[in-house]
Structure formats: structure tokens, C-alpha cells
Amino acid sequence: MARRTPKSEAQFTASLRPLQRTCPQCGNPLWIAYHTRRKIVTLEGIFQLRIAISQCHTPTCARYHVRSHPEEEGRWALPHGEFGLDIIALIGFWRFQEHRSVPEMHQRLQARGLVISGRAVTHLLHRYEELVSLHVTDRVRIAARLHEQGQVILALDGLQPDVGHEVRLSWCATACLKKSF
Ligand SMILES: [Zn+2]
């Protein structure tokens, strides 16, 4: 049965602040320029994120007034994405592990109480495929760098995956995507 809760109604809130406190260019403290809001639909419910945007206030710095989003934001969703990475990962798992069709996945998500269209499921499936493709491409790039430098330091801060390996693949690919923020 379809949920009657309006799509835009957030059930939870979370505040995101940048971990980086100093400008990577000049070393001076970063200032919070403003806060913005973003709603993300996840498997746990709809979150209203309050996001602190920071910037350097040193006029002579090359990064003067360059705005930075909190590092954690990339863990929630893709840039401009309405649905969380957990949903994208689950769709990828259903599609490639269980070979579910879009209508089947749509039905399953609705059964979990999500307000989502079939078209959105298709869109998220395409995003999943892009993430996997990016992950594979990035592995080639990392391997080349590793060969060059002899070592590589890698830091990931993804959530603990709870289903198949496709999900883990997604989280890794997402970590790669964070550089686009
Ligand atoms: Zn600076």
C-alpha cells in the first residue's frame, strides 16, 4: 500500500560541517560562509541535511572565496541527487545479483515505504552503472600511479555495507566521486 506521507516531509535531520578547518592553499583558518539545506531520501527515511559551506577569507590566497562542501556530504548522495547512495547500491544489488527488472525493483522499494517513480528507479540504475564504470576506470588509474610511486595511501569513509559485493563496489566508487565536490 502506498505511503500517504508527503514526499517532501523530512523525518530526520543531520548537520554536516567541514572537517578541514584550514585552507589547503594558504593555511589560514576557513570560515563558514553560509548554510544550505538538502533533502535526501534513504532506506531509513527522509533526511533534512543542514550543510555548512566554508571558504577562505584571505584576499591574497588563490582559493579566496572558493567554497567547500563538508567531506561527509559525498557519503550521503551523488551531487544534486535526491536519493541516497544506499538506495543506488541496493538497486545495483537487485539488478546484477538477483536480475530483478525495474518494475520489480520499483515495487520492492515502494513496499519499503519509499515514494519513488519507476522512472527514478531506471535513473538510479544508470547512476549505479556509472559508479561501477568509474570504479573500474579509477582502478586502472590507481594501478598506474602505484607503479609510478611504488606506494599509495588510500582513505575511505564509506558506511558499512550490508549486502553483496556490488554495494562495496559502489561505496568505493563513491569515494572516488568525492573529488568532484
Ligand atoms: Zn587560503
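Buried means under 20% relative accessible area, exposed means over 50%, and partly exposed lies in between (1.4 Å probe, protein chains only). These close-ups come from a predicted model, in which local features need pLDDT of at least 70, side-chain atom pairs count only at pLDDT 80 or more, and totals for chains, interfaces and linings use all residues. Residues are numbered from 1 along each chain as its sequence is written, and side-chain values use heavy atoms, with hydrogens and water left out.

**View 1. Four cysteines hold the zinc ion.** The SG atoms of Cys23, Cys26, Cys56 and Cys61 coordinate the zinc ion at 2.3 to 2.4 Å. Donors here are N, O and S atoms within 2.8 Å of the metal (3.2 Å for Na, K and Ca); water is not among the atoms, so sites may look incomplete. Along the chain, the donors follow the spacing C-x2-C-x29-C-x4-C. The angles among the four donor atoms run from 103 to 116°, and the site is tetrahedral (four donors with all angles between 85 and 135 degrees). For reference, the ideal angle for four tetrahedral donors is 109.5 degrees. Cys23 is buried because its relative accessibility is 3%, while Cys26, at 32%, is partly exposed.

**View 2. Helix α2 is mostly covered.** Helices are DSSP runs (H or I, at least four residues), numbered from the N terminus. Helix α2 covers residues 85-97, and 10 of its 13 residues are buried, among them Leu85, Ile88, Phe93 and Trp94.

View 3. With a relative accessible area of 83%, His80 is exposed. Just after α2, His99 takes a positive phi of about 55°; this residue sits in the loop between α2 and α3 (102-111). His99 is exposed too, at 59%.

**View 4. Salt bridges join charged side chains.** The structure holds six salt bridges, each a side-chain nitrogen of Lys or Arg within 4 Å of a carboxyl oxygen of Asp or Glu. Arg75 pairs with Glu72 at 2.9 Å, N to O. A network of salt bridges links Glu98, Arg100, Glu104 and Arg108, including the pair of Glu104 and Arg100 at 3.8 Å. In helix α4 (residues 118-149), Glu130 and Arg127 lie three residues apart, about one turn of the helix, and their closest N and O atoms are 2.7 Å apart.

Notes: Four donors count as tetrahedral if all angles lie between 85 and 135 degrees; four count as square planar and six as octahedral if opposite donors are over 155 degrees apart and all others between 65 and 115; anything else is irregular. Helices (H or I, at least four residues) and strands (E, at least two) are DSSP runs, numbered from the N terminus. The expected span of a helix is 1.5 Å times one less than its number of residues.
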